[in-house]
Amino acid sequence: MKRIAYLGIPGSFSFFAGKKYFGNKVEMIDNMTIKNVFTNLIKGSADYGVVPVENSTTGSILETYDQLMESNMTICGEVRLKIHHNLMVTKQNTDISEIKKCYSHPQAISQCESFFENHDWIKPVLTTDTATAAKFISENNRKDEAAIASHDTAKIYNLDILKKNIEKNMNNFTRFIIIGSKNNNVGNKASVVFSVKHIPGSLFHALRPYAGLGLNLMKIESRPLFGKAWEYIFFADFEIKNNLDKFHLMIKEMKESTEFITVLGIYNKGETYET
């Protein structure tokens, strides 16, 4: 049975992403931080990990990118979830005016910004993940507390949904990556990290090979280069259409214009599921 480390506890979005990717016949291992997911893999306590990497509303999960740089783990798959956030309470609470505190993950709180603007008597309280918030109010059993989490999480912790779909953006998606220690040799998508010299035109020259080879740049993200002010590393995703020969040729040509370049993973573009 595969051991899957994921962010949060049962009912977190990473938990559901892992279930969608691997199915039910796996051992799911709780983790309170993204770093702990990577640590489980490095120590051999898990076979694969599931962590969020970007949200269509609030952007990239920078801690995930940092851990990819600091570890030797590789991306071997991905899953996309269409995120719906629900306000949930214990069975005794049916009146939103009684709620004083609402617990959830920082990303969920941010994605429900309009809800808090319209219910300004409710104080948002940050937790490690959405499921931990749901579990906390279930165990605390107070009429003045609520949580934001998914529909299925409410079922797990025996909570009532007081208000459905309170996210600001109805087209709210989160991409989760599957990480492991073994490289894939097949796939239609690839992720790389690279840096360039701090001179004019260096990024243009580094990226020029992909267009000539007919590959598609799907995303590029910059992060400050540790120890060097105003210099950056770049994370990029390419659609490679299972053409590994062209991809490897692109990497070879990019090496001529980069300080370093590392392939973070070759994998298949993920399926999208509702939550």
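Me: What makes two residues count as a contact here?

Reply: Contact means heavy atoms within 4.5 Å. By that rule A206, L207, P209 and Y210 in α8 meet M250, E253 and M254 in α9. Helices here are DSSP runs of H or I with at least four residues, strands are runs of E with at least two, and both are numbered from the N terminus. The model is predicted, so local features need pLDDT of at least 70 and side-chain atom pairs 80 or more, while totals for chains, interfaces and linings use all residues. Residues are numbered from 1 along each chain as its sequence is written, and side-chain values use heavy atoms, with hydrogens and water left out.

Me: Why are α8 and α9 called roughly antiparallel?

Reply: Helix α8 (residues 202-212) and helix α9 (residues 244-254) pack at about 160°, with axes 9 Å apart. An axis is a line fitted to C-alpha atoms, for helices over the stretch in contact, and the angle runs from 0 to 180 degrees between N-to-C directions. Angles under 35 degrees count as roughly parallel, over 145 as roughly antiparallel, 65 to 115 as roughly perpendicular and the rest as oblique. The pair α8 and α9 is therefore roughly antiparallel.

Me: Why are α2 and α3 called roughly parallel?

Reply: Their angle is about 30°, and their axes are 9 Å apart. That puts α2 and α3 in the roughly parallel class, therefore. In this pair I34, K35 and F38 from α2 meet E63, T64, Q67 and L68 from α3.

Me: How do you know which residues in the contact of α2 with α3 are nonpolar, polar or charged?

Reply: Ala, Val, Leu, Ile, Met, Phe, Trp, Tyr, Cys and Pro count as nonpolar, Asp, Glu, Lys and Arg as charged, and the others, Gly among them, as polar. The contact of α2 with α3 divides into 3 nonpolar, 2 polar and 2 charged residues.

Me: Why is N141 called partly exposed?

Reply: Buried means under 20% relative accessible area, exposed over 50%, and partly exposed in between (1.4 Å probe, protein chains only). N141 has 45% relative accessibility and therefore counts as partly exposed. N141 sits in the loop between α6 (130-140) and β9 (145-149).

Me: What makes a nonpolar core?

Reply: A nonpolar core is a set of buried Ala, Val, Leu, Ile, Met, Phe, Trp, Tyr and Cys residues joined through side-chain atoms within 4.5 Å. The largest such core has 22 residues, and F38, L68, I177 and I179 have the most contacts inside it. Helix α2 gives the most to this core, with 4 residues.
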